[in-house]
Amino acid sequence: MRRRPSVPVPQPRVEPLAPALPDPAELEREATLARLFELHYSSMLRLAVLLGADDPENVVAEAFYQIYRKWRRLRDVEAAEAYLRSTVCNLTRMRIRHLQVARKHVENPPVVPDEAVASAESTALLRDDQRVLIDALQQLPSRQREALVLRHWLGLKESEIAAAMGISCGSVKTHTARGIAALTQAMEARR
């Protein structure tokens, strides 16, 4: 059998790729989010701790990720802090609900020691004189706890609390009043 002579196949000309120019809007978004992170990470972490998140670092990281994803739909850049606060509240609430449901469906729940070990971040954030108050605060229903933390720790107005919690101003007043009453009763019982 005779071999055919090979014919060279012309190769297409490949142009080297020029580096993509960065989008100015994307650069601005990244810079603004970096500033937002520097300014508000620790306060959002404290908020998650006070609301009772078992993994506050992950809650806050998820909140920043969500604002990053939805940045183009954010109408007012000045509202980013309020959006973060609302997201931290919602994520904490969802996480607590998830854990409650998961605990109900566990056949042999693990033995939980009387005193849970706090993370190093949580311990550093709380002073000793606040621990009793925090323990009492953790015993409140989640909506009352959220309303009290947003009102008295962050100093938000009722309308801002309502927006963060997704409820009416009247409900904020109700949750705040009931929370104060329950907290006062719990604190007096510990004396």
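Helices are DSSP runs of H or I with at least four residues, numbered from the N terminus. This is a predicted model, where local features need pLDDT of at least 70, side-chain atom pairs count only at pLDDT 80 or more, and totals for chains, interfaces and linings use all residues. Residues are numbered from 1 along each chain as its sequence is written, and side-chain values use heavy atoms, leaving out hydrogens and water.

View 1. Phe-37 is partly exposed at 41% relative accessible area. Tyr-41 is also partly exposed, at 25%. Buried means under 20%, exposed over 50%, partly exposed in between (1.4 Å probe, protein chains only).

**View 2. Phe-37 paired with Phe-64**. This pair is edge-to-face: 5.0 Å centre to centre, 65° between the planes. It links helix H1 to helix H2, across 27 residues of chain. Phe-64 is buried, at 10%. Phe-37, Tyr-41 and Phe-64 form one aromatic cluster.

**View 3. Arg-29 over the ring of Tyr-68**. The charged end of Arg-29 lies 4.0 Å from the ring centre. The rule for Arg: CZ within 6 Å of the centre and within 35 degrees of the ring normal.

**View 4. The surroundings of Trp-71**. Beyond residues up to four places away in sequence, Trp-71 touches Arg-29, Thr-32, Leu-33, Leu-36, Val-77 and Ala-80. Contact means heavy atoms within 4.5 Å.

Conventions. Phe/Tyr/Trp six-rings, centres within 6.5 Å; stacked < 30°, edge-to-face > 60°. Helix = DSSP H or I, 4+ residues; strand = E, 2+ residues; numbered from the N terminus.
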